[in-house]
Amino acid sequence: MNEMERQNSLRKTQDQIAKTSVSNGDQSLLDTIWQELSYVLDPDDDGDIDYDGLRERMVEAAEHFETEHPELATHLREAITILSTGGL
């Protein structure tokens, strides 16, 4: 997967996060992940990203939303794989 494909996949994850309706507490987690993915996608502004923390939050969210929002969980898992294979 080249860089453009990785970015497109991460943007699709952001799109899925944006269109998923969840409770306020869950929304806070998704908002954090969405914002951190924005930093990953901006090569000029990724110096302060805690990639391990992002991965942990994404794993937590994927497991949490597996039943109610399986499409979101799938996108999150794909993003985790992309970040991992990208060396992040």
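Reader: How many residues does helix 3 have, and what distance does it reach from its first C-alpha to its last?

Author: Helices are DSSP runs of H or I of at least four residues, strands are runs of E of at least two, and both are numbered from the N terminus. The expected span of a helix is 1.5 Å times one less than its number of residues. Helix 3 has 15 residues and reaches 21 Å from first to last C-alpha, close to the 21 Å expected at 1.5 Å a residue. This is a predicted model, in which local features need pLDDT of at least 70 and side-chain atom pairs count only at pLDDT 80 or more, while totals for chains, interfaces and linings use all residues. Residues are numbered from 1 along each chain as its sequence is written, and side-chain values use heavy atoms, with hydrogens and water left out.

Reader: Which residues of helix 3 are buried, and what covers them?

Author: Buried means under 20% relative accessible area, exposed over 50%, and partly exposed in between, with a 1.4 Å probe and protein chains only. In helix 3 the buried residues are Tyr51, Gly53, Leu54, Arg55, Met58, Ala61, Ala62 and Phe65. Their cover includes helix 2 and helix 4; contact here means heavy atoms within 4.5 Å. Tyr51 counts as buried because its relative accessibility is 17%. Its C-alpha lies 8.9 Å from that of Glu36, although Tyr51 and Glu36 are 15 residues apart in sequence.

Reader: Is Thr67 buried or exposed, and where is its place?

Author: Thr67 belongs to the loop between helix 3 and helix 4. With a relative accessible area of 72%, Thr67 is exposed. The C-alpha atoms of Thr67 and Arg57 are separated by 17 Å, the two residues being 10 apart along the chain.

Reader: What span should helix 2 have, and which helices do its buried residues pack against?

Author: Helix 2 covers residues 24-41; at 1.5 Å a residue its 18 residues should span 26 Å, and its end C-alpha atoms are 25 Å apart, which agrees. Its buried residues are Leu29, Leu30, Ile33, Glu36, Leu37, Ser38, Val40 and Leu41. They pack against helix 1 (3-19), helix 3 (51-65) and helix 4 (70-85).

Reader: Which residues do Ser9 and His75 contact, leaving aside sequence neighbours within four places?

Author: Ser9 is placed in helix 1 and, at 13% relative accessibility, counts as buried. Ser9 is in contact with Glu78 and Ile82, its neighbours within four places in sequence being left aside. His75 is placed in helix 4 and is buried at 14% relative accessibility. Not counting residues up to four places away in sequence, His75 touches Lys12, Thr13 and Gln16.

Reader: What pattern does the protein chain follow along the sequence, and what is its radius of gyration?

Author: The protein chain follows the pattern α-α-α-α, with 4 helices and 0 strands. Its radius of gyration is 12 Å, close to the 12 Å that the globule rule gives for 88 residues, so the chain is as compact as a globular protein of that length. The radius is taken over C-alpha atoms, and the rule is 2.2 Å times the number of residues to the power 0.38. Along its principal axes the C-alpha trace spans about 30 × 25 × 20 Å. Of the 88 residues, 39% count as buried.
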